[in-house]
Amino acid sequence: MSNYISAENLGHSFHDHWLFRNVSIGINRGRRVALVGINGAGKTTLLKLLSGSLKPTEGKVAQMRDLNLGYLEQDPWFKDAVTISDYIFHADDIQQQMIRKYEELLENDPDNEKAIANVMEEMSNVDAWEYEYKIKTILGRLDIHHLNQKINTLSGGQKKRLALAKLLIEDPDIYILDEPTNHLDIDTIEWLEKLLTDGSKTILMVTHDRYFLDNVCNEILEIDKGKIIPYVGNYGYYLEKKAERESADEASFQKNSNLLRKELEWMRRQPQARGTKSKARIDAFYDLEEKTKNGGAKQKVELSVKTARQGNKIMEMNHLYKAFRGQTFINNFSYIFKKGDRIGLAGKNGSGKSTLLNLITGGLEPDKGIIDKGETTVIGYFHQQGITFKEDERVIDIVKNVAEFITMADGKLISASALLTLFLFPPAKQYGFISKLSGGEKKRLQLMSILMKNPNFLILDEPTNDLDIDTLNVLEEFLTNYTGVLMIVSHDRYLLDKLTDQLFIMEEGGHVKIYNGNYSSYRLELEENKQQNKRNPVIETPKAEVKKNKLNFKEQKELDNLESEIASIEKQLKERNDALNVVGIQPAKLNEILQQIQTLNSQLDEKSFRWIELTELKEA
């Protein structure tokens with residue numbers, strides 16, 4: 001079988017509702033495929049069927065014999081593993097068990113020099129040092145540090161990162177990934193992009209992160225009305241071809257293609273797109289736009305809920321400080337919010353983004369400083385945790401509990417049912433129970449409940465998790481036209497670029513840097529500065545501050561010893577090479593010296609490689 005995975009006449013149903021039928025798919029080596037489609041279309045279900053973790057209602061799935069398949073679920077299962085070590089390291093893998101023993105000794109018994117020396121020798125015997133460096137790098141990048149920590153003490157985000165780490169360490173034949181970027185900060189997402197596109201990895205994934213999708217995948221499979229529609233190309237190509245396909249159906253064209261065109265045009269304006277798009281393809285797209293310009297009446301309802309009146313004073317923050325357990329998260333931050341502010345919060349996980357939002361909303365009080373909120377400011381705050389709904393409530397009742405009718409920006413009233421329809425809840429869904437909604441559909445309903453209250457200061461903390469791309473288009477169309485102050489925390493670079501024109505960048509020590517521009521402009525500027533510094537290196541006077549050493553005591557001691565050991569081997573090599581130049585050397589002696597040189601070169605390579613590993617780790 002040439003395909004890693006083959007599915008024939010696949011069909012699956014839930015509660016007598018068919019998600020899809022008669023689907024046939026083949027995934028072979030080197031393909032990087034993304035599944036797209038609205039929430040509830042069956043993307044996660046299809047991943048489960050193809051991974052073998054779920055049996056189809058009809059049809060069959062076949063996997064290549066001895067296929068090493070890695071599956072990252074939305075909610076990972078850890079079997080009988082108690083600690084992180086239990087989960088990461090295979091009991092039947094000698095290298096992994098040596099690495100586990102070594103890491104646990106360093107963490108739990110760092111002064112046991114004899115035991116550490118013994119296990120280091122064992123690791124050398126099984127050539128485990130390169131593998132140990134790979135494992136440590138992956139765990140470090142995913143913020144996993146304490147191998148003896150119990151899995152049941154981890155948060156949902158930590159569990160997802162742990163499952164991803166195991167997958168990357170094992171490097172399977174095929175990666176099946178369900179929302180791999182959830183719970184990752186932007187730097188880690190960009191690192192993951194490079195890792196997944198290195199070599200010829202085979203990937204099948206579901207993601208709402210459109211930059212990630214565009215950069216990683218070279219093929220799109222859209223689930224639409226129970227059918228699979230293939231597009232050979234990245235996300236930008238998919239948008240283009242989908243618009244062409246939709247244009248053949250006038251009704252669908254009126255409903256969807258305007259959003260698709262705006263999104264595609266917008267992507268092409270971004271810094272990362274410069275110089276990468278074919279002029280012929282761009283011209284062809286605008287030809288299509290011209291041909292379809294008069295394809296029918298331009299009736300289009302915009303989701304633009306009325307915002308509460310906003311006075312001149314919105315909010316002023318003066319010299320704010322906030323710390324927890326001795327760690328400063330906000331350090332002397334001041335800002336006066338202005339009408340029309342559209343601000344993105346960027347920074348690593350744990351850098352203080354949620355702390356700043358909770359100060360703004362009044363969920364936390366600053367240790368020092370003053371927050372002065374205007375009398376007319378109405379805050380709408382979407383938390384990562386969202387709102388808890390009762391499973392036996394109907395969708396329509398959730399909305400009617402807030403308001404029967406909603407005032408739009410133009411003053412018109414629309415019903416709760418009409419608003420639900422705009423948020424992609426058709427009548428059949430509106431009168432169904434909450435229990436039958438997918439995770440993404442519940443998230444969409446939570447957003448609606450907040451937007452209906454007409455806030456003029458809207459805060460969204462990771463709003464895109466579990467939302468499909470179609471829903472994001474509707475949400476973004478609303479937020480683009482939103483006239484109040486907008487603040488967004490998101491690892492979705494696309495969302496930050498499209499909806500913000502200013503960044504609060506959370507830096508070490510609780511400092512907040514204000515940058516005028518969107519995220520791609522910021523990254524482009526950083527890269528240009530980096531290249532400029534390479535061309536014109538600046539010689540700085542050494543500072544008194546000493547960079548924190550990321551090596552533990554044993555690793556630092558090993559590094560110190562390596563430097564003298566390498567110098568000693570190099571000296572011995574010089575002596576042996578000099579000995580080769582002696583006139584009249586006997587053949588037996590010559591062979592002995594050559595053997596010694598070979599052994600010394602091997603030792604030098606091994607110790608030099610370890611020295612590089614430790615030096616990089618120290619300077620990381």
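Predicted model: local features only at pLDDT ≥ 70, side-chain atom pairs only at ≥ 80, totals over all residues.

Begin by selecting residues 94–108, which form helix 3, together with residues 129–141, which form helix 5. Two packed helices are described by the angle between their axes and the distance between the axes. For this pair the angle is about 65° and the axes lie 10 Å apart, and the crossing is right-handed. To see where they touch, show the side chains of Gln95, Gln96, Ile99, Tyr102 and Glu103 in helix 3, which meet Trp129, Tyr131, Glu132, Ile135 and Lys136 in helix 5. Sorted by class, this contact holds five nonpolar, two polar and three charged residues.

Next, select residues 439–451, the 13 residues of helix 16, which reach 19 Å from the first C-alpha to the last, close to the expected 18 Å. Is this helix mostly covered or mostly open? Helix 16 is mostly covered, with 11 of its 13 residues buried, among them Gly440, Arg444, Leu447 and Leu451. If you now display the surroundings, you will find that these buried residues pack against several elements, including strand 14 (379–382), helix 14 (416–422) and helix 17 (469–481).

Finally, select Asn518, in the loop that runs between strand 20 (512–516) and helix 19 (519–535). Asn518 is buried, with a relative accessible area of 10%. A polar atom of the Asn518 side chain lies 3.4 Å from the backbone oxygen of Asp497, and the side chain of Asn518 also reaches the backbone nitrogen of Ser520, at 3.4 Å.

Definitions and conventions: Residues numbered from 1 in each chain as written. Heavy atoms only, no water. Helix = DSSP H or I, 4+ residues; strand = E, 2+ residues; numbered from the N terminus. Buried < 20%, exposed > 50% of the residue type's maximum accessible area, 1.4 Å probe, protein only. Polar contact = N/O pair within 3.5 Å; in protein donor to acceptor, adjacent residues only side chain to side chain. Axes fitted to C-alpha atoms, helices over the stretch in contact; angles between N-to-C directions. Left-handed = near helix turned anticlockwise from the far one by under 90°. Contact = heavy atoms within 4.5 Å. Nonpolar A, V, L, I, M, F, W, Y, C, P; charged D, E, K, R; others polar. Expected span 1.5 Å × (residues − 1).
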